[in-house]
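Visitor: I am new to reading protein structures. Could you walk me through this one?

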Amino acid sequence: MSAAGFHLTPLGQSSALLEPSRSLDISRVEELIEEVVRRLQARRASLVYYDLSDLSLIDGVYYAWLNRLAVACKAINVRMVCISMQPTAAFALAGMTLLPPQFETALDLTG
């Protein structure tokens, strides 16, 4: 289901893949976090991979969204790992972070 601007696919072994769509409206941060957390809890997930492959740039607003979602995931004991980050997004992210992000990163689903 992607009505909220994202699709959550179960991957097995208590993990899921979160794929944001172009319609993801991060200005509705509280509603989105509540919906993601609800779906993760319903699937009894302990790990969520957040697919960043369609995002060519991470700005301060999107970085704040990722951090807030990661903190909410930690609160329900779910690790959040951002995957498939494009080089331009990684460069932008590196330029704006003073502290380590609240989420982990990996090249892809295999680590």
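Guide: A salt bridge is a side-chain nitrogen of Lys or Arg within 4 Å of a carboxyl oxygen of Asp or Glu. Keep in mind that this model is predicted.

Visitor: Which residues are linked with Glu35 in a network of salt bridges?

Guide: Side chains of opposite charge can pair when their charged atoms come close. Glu35 lies in helix H1, residues 29–42. The network of salt bridges links Glu35 with Arg38 and Arg39.

Visitor: How far apart are the closest N and O atoms of Arg39 and Glu35?

Guide: Both residues sit in helix H1, 4 residues apart, about one turn of the helix. Arg39 forms a salt bridge with Glu35, and the closest N and O atoms are separated by 2.7 Å.

Visitor: Is Glu35 buried or exposed?

Guide: Buried means under 20% relative accessible area. Glu35 has 18%, so Glu35 is buried.

Visitor: Which parts does the pair Arg79 and Glu104 tie together?

Guide: The side chains of Arg79 and Glu104 meet in a salt bridge of 2.8 Å, N to O. The two residues are 25 apart in sequence, so the pair ties together strand E4 and strand E5.

Visitor: Is Trp65 buried or exposed?

Guide: Trp65 lies in helix H2, residues 60–75. Leaving aside neighbours within four places in sequence, Trp65 is in contact with residues including Leu24, Ile26 and Tyr50. The relative accessible area of Trp65 is 4%, so Trp65 is buried.

Terms used. Residues are numbered from 1 along each chain as its sequence is written. This is a predicted model: local features need pLDDT of at least 70, side-chain atom pairs count only at pLDDT 80 or more; totals for chains, interfaces and linings use all residues. Side-chain values use heavy atoms; hydrogens and water are left out. Buried means under 20% relative accessible area, exposed over 50%, partly exposed in between (1.4 Å probe, protein chains only). Contact means heavy atoms within 4.5 Å.
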